[in-house]
Amino acid sequence: MTLLTRRSFLKTGLATAGAACASQVPLPAAAQTKNDGELATLIDIRKCVGCEACVEACREVNAAKYPEPEKPFPKMYPSRVKVADWSGEDKREVRDRLTPYNWLFIQWATVVVDGEEQEISFPRRCMHCQNPPCADLCPWGAARKLKNGITLIHADICLGGRKCQVVCPWDIPQRQTGVGLYLDLLPSFAGNGVMYKCDRCYNRIAQGELPACIEQCPEEVQTIGPRSEIIAEAHRIANEEGAYIYGEKENGGTNTIYLSPVPFETLNRSVDKGPGKPHFAPVEDQMAHADNMAKAMLIAPFAGLAAGVSRVIRAARRADEPPEDNHEA
Amino acid sequence: MKPNAPKRYPKPYIEQKVIKPVYLVLLFMMGLTGFGQMPIFKRYYIADIPGLEWTGKFYVTHYLHYLGAIVLFVLFAYVIVTYFGLFRRSHALSKAAYVRIFLLAAIVVTGIFRTLKNLPNVVFSPNFTMFNDISHLAFMMLLMVSGIVFSITKSGWLVPRAFRQTAPRND
Ligand code: SF4
Ligand code: SF4
Ligand code: SF4
């Protein structure tokens, strides 16, 4: 078993896998299969005590990536475009939801386990989907997926249009106005800041370190490892200990696998939902239509070819007929 | 060939009357759904216009853009075959056609890469993705500009090969 705790992470070859992913790989070597080198995390929420050590760790190691917006914000047109500002001192301290300054929060649910009512807690953040709509549909390529299964939003390129949040089944990315590239373009008319979310500590992974939230958790709630092994481990635990799995199939598969003592339906009913507070509902593969239609695109030229050839043959036959019979000429 | 039995060339009748309008409508829809990939239709109230709500729905515009691409692929294959099979002897491609073909090819190629990128098992380098996305948009804008210019100069796709038109007319 090569699932990783904080101690074993450095010893495995994953550090190298992580490093390779961060570098930019040119075409066509850049295309590769999804299971080749994707890392997933296993979050066993039965172990979580809700201490928020992971939240603090995330805030500490990622503080340098947080937005420092310029004020006053550019006036925006039309007036329906709302400013999203989390940069005030009190707002930066918000810890009960996702914000541009809080990429991980602890969600609570009251559930009955073994006939006993319990308050359980669990860390929530980006799921790092295997085929992330946020990255697929980002019109600029600012949101992108790395080969090691990390989805991240490049703060230097993002224009803050919020499309990634709209298409994300869990509403994950959060906007801060007054930062980023849009300020240098048409700040009043296009864009509205930068979107922020968990980047699974891509820079730490590239250096062979663990994501901060995993490293600092006193209960070792999270483990990280190759996706196939994480999935196998999740199923083993689920079978042996009667736990439930979320994230393996949701949205076509994610790189965040939750293990729960109660069905996720139950959990989903109990958690606080709303902006910045993701649900635990079933999620269909949002990009399935694109996969199917891409196949149709392969066949389409042949249909056109067949139609064209039949037109040519018909015209050629007619041309063989005597001119007086041919009304097309 | 006997002098009073002139070789007649097929005319691009279906192409003019059916394919061309379909192509123009498709191109317009591809432009609309393509621009709809940027979060602008909601911001600028377009999606508030009754009947145009769908322009602000990213999954809908994305679906339609793919659907349009499928139909365009059918159409492109069809016209390539019919041009080479039927009309090439009587008609040459205009200069404007070469410009259009270049731009359309560029749009198709960048579009194919964008489609590949959206497949679950394909990851391109970030810079390539951005370069590709912006090129796709830029080539489409160039196609729109050239469309306006060519409609002013009345430059179509085909020019009759004059020397082929010498056959005496009977009517
Ligand atoms: S640090 Fe660990 S135990 Fe504490 S809240 Fe985070 S996941 Fe739960
Ligand atoms: S959970 Fe949302 S933000 Fe995270 S990768 Fe999936 S689509 Fe993107
Ligand atoms: S992986 Fe890193 S960025 Fe993501 S929640 Fe954990 S500490 Fe924060």
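I looked up A:Lys145 and found it buried, at a relative accessible area of 10%. For burial I used these cut-offs: buried is under 20% relative accessible area, exposed is over 50%, and partly exposed lies in between, with a 1.4 Å probe and protein chains only. The model is predicted, so local features need pLDDT of at least 70 and side-chain atom pairs count only at pLDDT 80 or more, while totals for chains, interfaces and linings use all residues. Residues are numbered from 1 along each chain as its sequence is written, chains are lettered from A and ligands numbered from 1 in the order in which they are written, and side-chain values use heavy atoms, with hydrogens and water left out.

**Entry: salt bridges in chain A**

I then checked the partner of A:Lys145, which is A:Glu38; the salt bridge has its closest N and O atoms 2.5 Å apart. The pair links distant parts of the chain, 107 residues apart: A:Lys145 is in strand 4 (residues 143–145) of chain A, and A:Glu38 is in the loop between helix 1 (14–22) and strand 1 (39–44). I take helices (H or I, at least four residues) and strands (E, at least two) as DSSP runs, numbered from the N terminus. A:Glu38 is also buried, with a relative accessible area of 3%.

The rule I applied calls a salt bridge a side-chain nitrogen of Lys or Arg within 4 Å of a carboxyl oxygen of Asp or Glu. Side chains of opposite charge can pair when their charged atoms come close. Over all chains the count by this rule is 15 salt bridges. One of them joins A:Asp272 and A:Lys277, with 3.7 Å between the closest N and O atoms.

**Entry: a salt bridge in chain B**

I noted that B:Arg114 and B:Asp133 form a salt bridge through their side chains, at 2.6 Å from N to O. B:Arg114 lies in helix 3 (residues 95–117) of chain B and B:Asp133 in helix 4 (residues 126–153), so the pair ties together parts 19 residues apart in sequence. B:Arg114 counts as buried at 16% relative accessibility, and B:Asp133 is buried at 8%.

**Entry: chain B overall**

I listed 4 helices and 2 strands in chain B. Along the sequence the pattern reads α-α-β-α-α-β. The radius of gyration of chain B is 20 Å, well over the 16 Å that the globule rule gives for 171 residues, so chain B is more spread out than a compact globule. The radius is taken over C-alpha atoms, and the globule rule is 2.2 Å times the number of residues to the power 0.38. Along the principal axes, the C-alpha atoms of chain B fill a box of roughly 65 × 40 × 25 Å.

Of the 171 residues in chain B, 42% are buried. I counted contact as heavy atoms within 4.5 Å. Among contacts in chain B between residues at least 6 apart in sequence, 74% join residues at least 24 apart.

**Entry: A:Trp86**

I found A:Trp86 in the loop between helix 2 (53–62) and helix 3 (89–92) of chain A. A:Trp86 counts as buried at 12% relative accessibility. Leaving aside neighbours within four places in sequence, its contacts include A:Arg97, A:Tyr101 and A:Arg175. A:Trp86 and A:Pro67 are 19 residues apart in sequence and 9.2 Å apart in space, C-alpha to C-alpha.

**Entry: backbone checks**

I logged a cis peptide bond from A:Lys71 to A:Pro72, with omega near -5°. A:Pro72 sits in the loop between helix 2 and helix 3 of chain A.

A:Cys201 is not a glycine, yet has a positive phi of about 50°. I placed A:Cys201 in the loop between strand 7 (194–196) and helix 6 (202–206) of chain A, and A:Cys201 counts as buried at 6% relative accessibility.

A:Glu220 likewise has a positive phi of about 50° and is not a glycine. A:Glu220 lies in the loop between helix 7 (212–216) and strand 8 (222–226) of chain A, and counts as partly exposed at 26% relative accessibility.

**Entry: A:Asp156**

I ended on A:Asp156, which is exposed, with a relative accessible area of 56%. A:Asp156 is in the loop between strand 5 (151–153) and helix 5 (163–167) of chain A.
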